[in-house]
Amino acid sequence: MQAVQKYNAIMTGNEAVAFGAKLARVGFISAYPITPQTTIVEKLAEMVANREISAHYVEVESEHSAMAAVFASELVGVRSYTATSSHGLLYMHEMLHWTAGQRLPVVMSVVNRALGPPWNIWTEQTDSMNQKETGWLQVYCESNQEALDSILMGYKIAESPDVLLPLMSMEDAFILSHTSEPVILPDQDQVDSFLPPLNLSFRVDLKNPMGYGSYSTPDGPYMELRKDMMDSLRNSRKVISKVTKEFGETFGRNYSGLIEKFMMEDAEYAIIASGTLASTGKYVVSKLRQEGKKVGLIRVRFFRPFPDLEIAEAVTDLKGVGVIDRSTSYGSAGPTALEVRSALYGKSEIPVAAFIAGLGGRDVKVEDFEKMFQYVEQGKTGNFYINVKEAC
Amino acid sequence: MIQGKGHPKDAFLRSERLPHIWCPGCGIGIVLNAYLNALALSGIPREEVVLISGIGCTARLPGYANADSYHTTHGRSIAFATGMKIANPKLHISLISGDGDLFNIGGNHIMHAARRNIDLNVICVNNFNYGMTGGQHGSTTPAGSVTASSPYGNLEQSFNLPYMMKAMGASYVSRWTALHVRQLTRSIAKSFTVRGFSFIEVLSVCPPNFGKDNGFADAYAQMQYFREHCEIDNNADLHNAGVTFSGDRPIILGDFYHKTRPTFHDIEREIIERVRVDR
Ligand code: SF4
């Protein structure tokens, strides 16, 4: 284990992920500007222009083209990176399925932002939750440091021969993307020993020509290929655990795999949250603990693969749990709540309260968390919108 | 406070939404003014006018006009307007959006709307970069220009929009700058009378982004460049009408092209008539 490192930089979340891409020695970057992602690729454009990083950079004419471009660059065996947000991510959707289906370990940063109409540039997770069926791994970050580190771990996880699937790493709009925090910038040498160069076994190779894309009948390999994606995604949890452990050993920063447990040892009630909502949640948990309440928090880091086993194990013996979603599945409930209920089915009878909070960037305050904990302690099980005005 | 009688264009403005969001010195407000004057000149009742835009600084313009307006998604304004015009041909549809929206992320649609000769009035405010996201280069950024995403100069060739739109089949093509307000107003008024797809490019100034990075200390400096380097030539060979700020070539402006050909509606109506008679 390394000695604890000292902060050596102050940067926004967007700068931190740009440094993550630089340290990962990406060889190709393609993107299209969209608020609040733009400063990531602007920073990378500057690094490329200053030759601080040896990569090709192309600003294409749309996000759809950006994903098509990184798809192709990855297919020739070059570690590739892009970043987007909100409507840009939705516009990429078709190519997201292709990148995963082709088993290309691209890493992308997503700055979570609300969707129109009406136009809103503040944080919400519906944009990336809309992509949970694409076959990409998803990690939701809580700090600028984690956003940087997730790019490094992200490539290592995605490129593992046991995974070979793309990964998107999320940061909350403005709360992380544009807010400066102290960050530890790792050494390039250390990163190089942690993350070896990409060696894609099926890359385009003039000596070994192959046809890609191709075609499959209902009898052909289509269904088998899709099942293999599912198997790889489910099994990727082992790779995630291994890589996060190795990351901790190399860099001295320990992320806990798929979920993070906060004050859960003797907890009776817990709230499950992701992104920066978890930070406010942790503050409230500490406060309630001082008042003698046995509460805890589980932070969902990876949403894909979904940590169903981990969550089931962590909450089975509790008296109640609440799940906060900063997104909606209209006509049903929040996506995390749906997954948690499904994870607990047949394993635990504890009441699950589903909360939708903070849409369109609305603040989720300490008192909102206190109210949610009250609901959980009362054993409520329904779906609740938090802090909604009566009429608008 | 001085109490005035209000602004002559109050009836056309959603004045409760003012002040606008544009930067000091931005050219987009001038285009709004020219558009509203042209609308007043045209005599078209406000109730028949719809303004449509996509995303970006210019795309905020329709929100200040006191008419039906829709601020659509990134690049999709033309497709949106196409659906609206075909479904209700009586509407006068003006589409006012930026170069990034119309020619980059929405570049595909504008070609097809011109080809189909849909009766739309398109005004493209070209500020030579993506202003709203902080000044990155796009398809209209002159080669060599410095932007937030091309710190050592843009290595790509830029579009020559009037040439392109004429080739794509537009019925009316003109280009002015934010300095040429009278000519611009007349062209917009004329575009209301054109049957078919009309395209007006307005070269604009973006002081904090494109301007600052390319040698124009403020809006005035870039306007001064327009004053000194623009040449009006209505019969210009559009092939040579690309825009540069290098000072070695004039920027060509004018009412370049107007030729009527059947619109999508004309042909649609003709087919319907023909099929009816045949049966
Ligand atoms: S960024 Fe440029 S185009 Fe946008 S409002 Fe400011 S000056 Fe105008």
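In the predicted model, helix H7 (residues 207-213) of chain B supplies the largest share of the shell around the ligand, namely 3 residues. The residues around the ligand include B:Pro207, B:Pro208 and B:Asn209. Also around the ligand are B:Trp22, B:Cys23, B:Cys26, B:Ile28 and B:Cys57, together with B:Asn127, B:Gly131, B:Met132 and B:Cys206. By class, 9 residues of the shell are nonpolar and 3 are polar, while no charged residue is present.

Contacts between the two chains involve 17 residues of chain B and 16 residues of chain A. On the side of chain B that touches chain A, 12 residues are polar and 5 are nonpolar, and charged residues are absent.

Chain A contains an open sheet of 7 strands with mixed pairing, ordered E3-E2-E4-E5-E7-E6-E12. Strand E3 (56-59) and strand E12 (302-304) of chain A form the edges, each pairing on one side only.

A:Met108 has A:Met168 in E7(A) as its bridge partner. Helix H6 (residues 144-159) of chain A lies across E5, E7 and strand E6 (137-140) of chain A. The direction of helix H6 of chain A is at about 170 degrees to E7(A).

Technical notes: Residues are numbered from 1 along each chain as its sequence is written. Chains are lettered from A and ligands numbered from 1 in the order in which they are written. This is a predicted model: local features need pLDDT of at least 70, side-chain atom pairs count only at pLDDT 80 or more; totals for chains, interfaces and linings use all residues. A residue is near a molecule or strand if its C-beta atom, placed from the backbone, lies within 6 Å of it. Helices (H or I, at least four residues) and strands (E, at least two) are DSSP runs, numbered from the N terminus. Ala, Val, Leu, Ile, Met, Phe, Trp, Tyr, Cys and Pro count as nonpolar, Asp, Glu, Lys and Arg as charged, and the others, Gly among them, as polar. Two residues are in contact if their C-beta atoms, placed from the backbone, lie within 7 Å. Two strands pair if DSSP finds at least two bridges between them. Axes are lines fitted to C-alpha atoms, for helices over the stretch in contact, and angles run from 0 to 180 degrees between N-to-C directions.
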